Amino acid sequence: MNKPAVNQRTIRTLVRLTFGNAASLLYLGAVAAATVFVTVDTLLVSHDDASFAGVWLFLLAAPTVFVFLLGGSLAGAESFGPAWFMYLALTVSVLVQSLALGWFARLLVRGGARRSRTVHPQGA
């Protein structure tokens with residue numbers, strides 16, 4: 001019988017890397033704070049001209065959001081495409097970067113654990 005390509009263990013690992021460490025949670029918290037700021041600025045604050053509050057979300061989601069938007073442009077969408085595509089690109093890019101931060105944090109922790117277990121011949 002064929003084994004599924006993505007099993008429960010793999011999904012749990014991906015979720016843990018994306019949401020279950022300090023680096024990813026700090027990043028997701030910054031994105032959530034910027035999202036609240038952009039929403040409040042857009043809906044509740046009146047401006048004489050355009051506000052640049054949304055730039056913060058793109059800066060936090062860079063560089064992967066630009067890859068997704070470029071892919072959408074190559075697929076035939078307008079410059080930023082429909083609004084749902086822009087929101088989807090922002091969401092996916094933030095999750096991808098959170099996963100990458102979690103993977104990097106795990107790599108650093110495991111690397112540090114390996115170094116601390118080595119025995120020094122001088123006993124230091």
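This report walks through a predicted model of one protein chain, from its overall fold down to a few residues.

## Ground rules

Numbering starts at 1 along each chain as the sequence is written, and side-chain values rest on heavy atoms, with hydrogens and water left out. Because the model is predicted, local features need pLDDT of at least 70 and side-chain atom pairs count only at pLDDT 80 or more, while totals for chains, interfaces and linings use all residues.

## The chain as a whole

Helices here are DSSP runs of H or I with at least four residues, strands are runs of E with at least two, and both are numbered from the N terminus.

Of the 124 residues, 22% count as buried. Buried means under 20% relative accessible area, exposed means over 50%, and partly exposed is in between (1.4 Å probe, protein chains only). Now for contacts, meaning heavy atoms within 4.5 Å: among those between residues at least 6 apart in sequence, 63% join residues at least 24 apart.

## H1 against H2

Helix H1 (residues 8–19) and helix H2 (residues 22–44) have axes that come within 6 Å and cross at roughly 60°. The axes are lines fitted to C-alpha atoms, for helices over the stretch in contact, with angles from 0 to 180 degrees between N-to-C directions. That makes H1 and H2 oblique to each other; the scheme calls angles under 35 degrees roughly parallel, over 145 roughly antiparallel, 65 to 115 roughly perpendicular and the rest oblique.

On the H1 side, the contact uses Leu 17, Thr 18 and Phe 19, and H2 brings Ser 24, Leu 25 and Leu 28. Sorted by class, that is four nonpolar, two polar and no charged residues. Nonpolar covers Ala, Val, Leu, Ile, Met, Phe, Trp, Tyr, Cys and Pro; charged covers Asp, Glu, Lys and Arg; the others, Gly among them, are polar.

## Two serines at 0%

Ser 24 sits in H2 and counts as buried at 0% relative accessibility. A polar atom of its side chain lies 3.1 Å from the backbone oxygen of Leu 17 and, likewise, one lies 2.8 Å from the backbone oxygen of Ser 98. Polar contacts are pairs of N or O atoms within 3.5 Å; within protein, one must be able to donate a hydrogen and the other to accept it, and residues adjacent in sequence count only if both atoms are side-chain atoms. Setting aside residues up to four places away in sequence, Ser 24 touches Leu 17, Thr 18, Ser 98, Leu 101 and Gly 102.

Ser 93 belongs to helix H5 (residues 83–116) and is also buried, with a relative accessible area of 0%. The backbone oxygen of Ala 89 is 2.9 Å from a polar atom of the Ser 93 side chain. Beyond neighbours within four places in sequence, Ser 93 is in contact with Ala 61, Thr 64, Val 65 and Phe 68. Its C-alpha is 6.0 Å from that of Ala 61, 32 residues apart along the chain.

## Aromatic pairs

There are two aromatic pairs. Rings of Phe, Tyr and Trp (its six-membered ring) pair if their centres lie within 6.5 Å; planes under 30 degrees apart are stacked, over 60 edge-to-face, and the rest tilted. Phe 58 and Phe 66 are stacked, 6.4 Å centre to centre with 20° between the planes. Phe 58 is buried at 17%, whereas Phe 66 is partly exposed at 43%.

Trp 84 and Phe 85 have ring centres 6.0 Å apart and planes at 85°, so this pair is edge-to-face. Trp 84 is exposed at 58% relative accessibility, while Phe 85 is buried at 19%.
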